[in-house]
Amino acid sequence: MEKKTIIMGADPSGYDLKDAVKSHLLAQHYTIKDITESGPIGYCDVGDQVGAIISEHPEYIGFIFCGTGMGVSISANKHKNVYCGVCESVTSARFCKVINNCNILAMGGLLITPFKAKMMVDAYLSATFTEGFTEATPEDLQCGLNTMKEVEKKIYKN
């Protein structure tokens with residue numbers, strides 16, 4: 001499988017965790033665009049900028065970081081075709097891709113250790129939408145995503 005380009009960013013509370021995950025991904029030869037390479041920015045700006053990039057480039061995925069992961073997620077999810085999940089476990093990171101087809105994963109630097117974050121990122125990256133979830137059929141999961149896309153059409157009027 002071809003490795004996707006990863007867009008990353010962090011506020012001050014998530015910056016160290018972002019750097020740990022970034023190093024982990026670079027060691028695996030991922031292409032990384034770090035919008036906060038020169039330093040952290042506000043969580044709303046992180047989510048907004050990464051969300052805008054993912055919205056325009058659906059072939060990319062994103063990892064965003066703040067204190068809890070919630071602020072960056074709220075901001076990112078304002079963009080069309082962005083599905084950002086806040087995760088605090090390896091299982092939730094895998095399921096955000098398998099069940100919801102999330103294209104951005106948000107994590108909290110105040111809540112998650114670098115070791116756990118690396119495991120979460122690996123679980124997310126190795127997951128495939130609709131595969132490996134026995135509680136619903138792939139068709140049910142696709143139906144849920146289709147319903148969300150219909151909600152977006154109402155919101156964005158196209």
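The side chains of K18 and D19 meet in a salt bridge, with N and O 2.8 Å apart; a salt bridge here is a side-chain nitrogen of Lys or Arg within 4 Å of a carboxyl oxygen of Asp or Glu. The model is predicted, so local features need pLDDT of at least 70 and side-chain atom pairs count only at pLDDT 80 or more, while totals for chains, interfaces and linings use all residues. Residues are numbered from 1 along each chain as its sequence is written, and side-chain values use heavy atoms, with hydrogens and water left out.

## Exercise 1

Task: state whether K18 and D19 are buried, partly exposed or exposed.

Solution. Step 1: buried means under 20% relative accessible area, exposed over 50%, and partly exposed in between (1.4 Å probe, protein chains only). Step 2: K18 has 0% relative accessibility and therefore counts as buried. Step 3: D19, at 29%, counts as partly exposed.

## Exercise 2

Solution. Step 1: helices (H or I, at least four residues) and strands (E, at least two) are DSSP runs, numbered from the N terminus. D34 is buried, and K22 counts as buried because its relative accessibility is 13%. E37 has 57% relative accessibility and so counts as exposed. Step 4: K18, D19, K22, D34 and E37 are linked in a network of salt bridges. The whole structure holds four salt bridges.

## Exercise 3

Task: describe the cover and the pairing of strand 5 (residues 104-108).

Solution. Step 1: five of the five residues of strand 5 are buried. Step 2: in a regular strand the side chains alternate between the two faces of the sheet. On one side of strand 5 lie I104, A106 and G108, on the other L105 and M107, and all are buried. Step 3: two strands pair if DSSP finds at least two bridges between them. Strand 3 (residues 61-66) runs parallel to strand 5 and is joined to it by five bridges; G62 has I104 as its bridge partner. Strand 4 (residues 84-86) pairs with strand 5 over three bridges, also in the parallel sense, and G85 stands opposite L105.

## Exercise 4

Task: give the order of helices and strands and judge how compact the chain is.

Solution. Step 1: the chain has six helices and five strands. Step 2: along the sequence they follow the pattern β-α-β-α-β-α-β-α-β-α-α. Step 3: the radius of gyration (over C-alpha atoms) is 15 Å, close to the 15 Å that the globule rule gives for 158 residues, so the chain is as compact as a globular protein of that length; the rule is 2.2 Å times the number of residues to the power 0.38. Step 4: buried residues make up 44% of the 158 residues.
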